[in-house]
Amino acid sequence: MADSRIGMSIKGPDGQSYTLASFLGRGGFGEVFRAEDEANTTVAVKFVNSEFFQDDQILFALLNEAKAASRVTHENVLRVLHAGKSDDLGPYLITEFADSGTLADLISEQRKQGPMDIERTKNLMLQVALGCQAINNILIHRDLKPDNIFRHGSRLKIGDFGIAKLVDESTRTHTFKGIQHVRYKCPESWRFEMKTVKIDVYSAGLIFYEILSLKHPLQDAVRDPSDWRDCEQAHLTNIPSSLRKIRPEIGLTLAQLIDRMISKRPEDRPEWSEIIQRLNSTIDTVPPDPGIAAALAAAIKRKEERDKVAAKAEQRRLNLQMKDELYKTSCQQLLRQLGRSCGRIQRTVPGRSNRGDSEGERHDLSPCGTQPDQFVFLQFT
Ligand SMILES: Nc1ncnc2c1ncn2[C@@H]1O[C@H](COP(=O)(O)OP(=O)(O)OP(=O)(O)O)[C@@H](O)[C@H]1O
Ligand SMILES: [Mg+2]
């Protein structure tokens, strides 16, 4: 199916023609091809799933969003070159082509070879932070994950931003693969709260932890990675073990920085300027002053305590929410069953009888309006 498009052409930003040369893969938003123009310039073309862009208004929003994305020009960001629509092939985005795979590939290679040295990982993290800062000056990425951080030569370049917002707004679902993959989704996104640039800081913090430890920080807390509810629970309530327990040679400043980036509360996460400044600093490479080390260790401990309290509160909120959902579902199921077997259900309000019988006053029952204290008074006619 994808192969039948090879050899076909689409129009570029200046009216030039790009010919589809090979199929690169399929993701949550669509299918990606490598393409070349007459001067052999290579680009990547993403054909966006038509299910998201059924009417012209949404297509217009896509073009607008791509326009915003094309304003992000930074060496650690893949340039968005053009958005258009082909009569035969549908809506598409043309971006710079990355020739050396992704950060996800690099992490899997390192899993076989052992962890990278700290200075090299700091350089990778710095590149990601600089790219994120440039993106966040204009928009929120919303789908930051190692598969969307590309390698081009020795440089990292962040890609795949611009579509997530539109799809996010049109689907609002946790299960859709494309938006903020559940492994990197921040607590406030799980709760459908307001989205700020801090959602990208959280995802980047998880990625930084993974680059350093070669392990996703919440991996041990998720029993079934294919179950998004397990992932939700872990992001909302689990506190990952300290990076320094996994790799004691990691400096305190770096460990504390990443710990703050993955804070459950967005306001506890640092700004990009601070992250960049700390990643640029060499303080962790010299033995820290014992006084500074003790102060940092105490600060980390205080934060761990705060996080534990917040996680417990979140767990209580989740339990209540689950109880509420269970209650509503079982009420509705029971009422449906009763309705099927008895035809009509009525509710009896105790103590309001004016007919002298023991049944009290009768009302038609709406399943959705049922309250826990009314449940015991269900009666048949
Ligand atoms: N600009 C690009 N340069 C080179 N390869 C790319 C580029 N964009 C995407 N790819 C590759 O194309 C394939 C499909 O990418 P796509 O972004 O659709 O999937 P994904 O990253 O798994 O999911 P998502 O839709 O969440 O981004 C992947 O193998 C990806 O590495
Ligand atoms: Mg992608």
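Me: Is strand β4 (residues 42–48) mostly covered or mostly exposed, and how many of its 7 residues are buried?

Reply: Mostly covered: 6 of the 7 residues in β4 are buried. A residue is called buried if 20 or more other C-beta atoms lie within 10 Å of its own, exposed if 12 or fewer, and partly exposed in between, with C-beta atoms placed from the backbone. Strands (E, at least two residues) and helices (H or I, at least four) are DSSP runs numbered from the N terminus. Do remember that this is a predicted model, where local features need pLDDT of at least 70 and side-chain atom pairs count only at pLDDT 80 or more, while totals for chains, interfaces and linings use all residues. Residues are numbered from 1 along each chain as its sequence is written, and chains are lettered from A and ligands numbered from 1 in the order in which they are written.

Me: Which strands pair with β4, and in what sense?

Reply: Two strands pair if DSSP finds at least two bridges between them. Here β3 (residues 30–36) pairs with β4 in the antiparallel sense over 7 bridges, and β6 (residues 90–96) runs antiparallel to β4 with 5 bridges.

Me: Which residues are closest to ligand 1?

Reply: A residue is near a molecule if its C-beta atom, placed from the backbone, lies within 6 Å of it. Of the 20 residues around ligand 1, the closest are Leu24, Gly25, Gly27, Val32 and Ala44. Strand β2 (residues 17–26) gives the largest share of this shell, 3 residues. Domain 1 (1–97) and domain 2 (99–286) each supply at least three residues; the domain bounds come from an automatic or database assignment.

Me: Which residues touch the most other members of the largest nonpolar core?

Reply: In soluble globular proteins, nonpolar side chains tend to be buried together. A nonpolar core is a set of buried Ala, Val, Leu, Ile, Met, Phe, Trp, Tyr and Cys residues joined through C-beta atoms within 7 Å. The largest one has 63 residues, and those touching the most other members are Val45, Val128, Ala129, Ala204, Phe208, Ile258 and Met261. Helix α6 (residues 198–213) gives the most to this core, 10 residues. A second, separate core of 5 residues includes Val182, Leu218, Val222 and Ala234.
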